[in-house]
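Subject: Handover of a structural model

Dear colleague,

Please find the structure below, followed by a summary of what was found in it.

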Amino acid sequence: MSLMGFLDRVADVSAFDKAIEPARSAVQKGLKPAVKDLLHGTWLGHPLHPVLVQVPVGSWVSAGILDAVPRLRPAATVLIGTGVAAAVPAALSGAADWSEQGTGVRRLGALHAVLNTAALGLYVGSLVARGKGRDGLGRLLSYGGLGLAGGSAAIGGHMSYAQSSGASHAATAVRALSTDWIDLGPLDDLPEGRPTMRSGKGGSMAVPLAVVRRGGRVDVFVAACSHLSGPLDEGVVETVRGSDCLVCPWHGSAFDLDDGQPRRGPAANPQEKLEVRMEAGRVMARVPSRHR
Ligand code: FES
């Protein structure tokens with residue numbers, strides 16, 4: 001069985017859930033909504049976790065290289081300390097994202113967290129050993145930490161690429177649309193101030209769209225929420241942090257009607273918005289040029 005096949009098997013093990021659910025609920029209750037949005041990267045319009053993990057991963061890999069050269073070992077110790085300090089915010093942002101993911105991602109994410117915690121423990125032990133002049137033990141512990149962190153990074157990659165944990169589900173959906181203008185029907189048929197479902201032509205199937213009318217203005221989004229594909233056409237329009245937003249019915253992410261940027265998480269990616277024009281009282285929409 002390939003490593004990735006093994007990870008998929010792990011993601012199927014429901015016995016893990018008994019231990020995972022209390023941890024998930026502790027994360028959800030322990031982090032205030034504003035802090036969670038900060039950690040998700042909602043303010044950035046991009047998931048924050050992959051940005052933050054660059055520092056510990058980069059520091060620890062570099063330390064491993066410097067440790068192989070005797071005269072550079074003091075610099076390796078500085079990098080290990082940098083990685084240990086940077087691992088804390090990286091872990092917090094990962095925990096915030098993990099607590100809002102689907103079942104399979106949560107199971108693999110728990111394994112990812114256990115390995116990262118063990119790696120962090122080895123690096124802290126390495127710093128202690130180096131501080132006491134036991135440099136050989138310090139190097140042994142840090143190389144052990146690097147091995148665990150590397151294995152954990154492979155799991156994180158699987159969660160991102162095979163399980164789409166941080167990917168925009170809206171970007172996937174918009175690519176299925178044809179690039180032609182789509183006729184969404186008469187403006188007068190759209191209800192005021194609440195989303196309604198229309199569909200756009202895709203290659204082999206219709207793609208659901210969420211359409212919101214505000215007076216003479218119409219905003220059209222891919223209906224699959226960027227977070228986990230929740231149906232935005234079943235959501236509501238609310239003012240969130242001063243902006244009129246389309247709010248997802250699944251986890252409450254709020255997307256600015258004007259530009260699709262997330263104003264409230266857990267979504268960190270923007271919502272795909274279509275270009276709109278009126279033609280003889282009918283609403284026409286098409287995918288933005290970056291997807292054509
Ligand atoms: S699917 Fe999670 S907020 Fe929309």
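Of the contacts in the protein chain with a separation of 6 or more, 58% are between residues 24 or more positions apart; contact means heavy atoms within 4.5 Å.

This is a predicted model, in which local features need pLDDT of at least 70 and side-chain atom pairs count only at pLDDT 80 or more, while totals for chains, interfaces and linings use all residues. Residues are numbered from 1 along each chain as its sequence is written, and side-chain values use heavy atoms, with hydrogens and water left out.

The protein chain has 292 residues, of which 44% are buried (under 20% relative accessible area, 1.4 Å probe, protein chains only). Its C-alpha atoms fill a box of roughly 80 × 40 × 35 Å along the principal axes. The chain contains nine helices and 10 strands (DSSP runs: H or I of at least four residues, E of at least two, numbered from the N terminus).

Helix H2 (residues 17–30) packs against helix H7 (residues 103–131) at about 90 degrees, their axes being 10 Å apart; axes are lines fitted to C-alpha atoms over the stretch in contact, and angles run from 0 to 180 degrees between N-to-C directions. H2 and H7 are therefore roughly perpendicular (65 to 115 degrees). Asp17, Ile20, Glu21 and Arg24 of H2 meet Thr103, Arg106, Arg107 and Ala110 of H7.

Met4 lies in helix H1 (residues 3–11). Because its relative accessibility is 34%, Met4 counts as partly exposed (between 20% and 50%).

Yours sincerely

Note on methods: Parallel < 35°, antiparallel > 145°, perpendicular 65-115°, else oblique.
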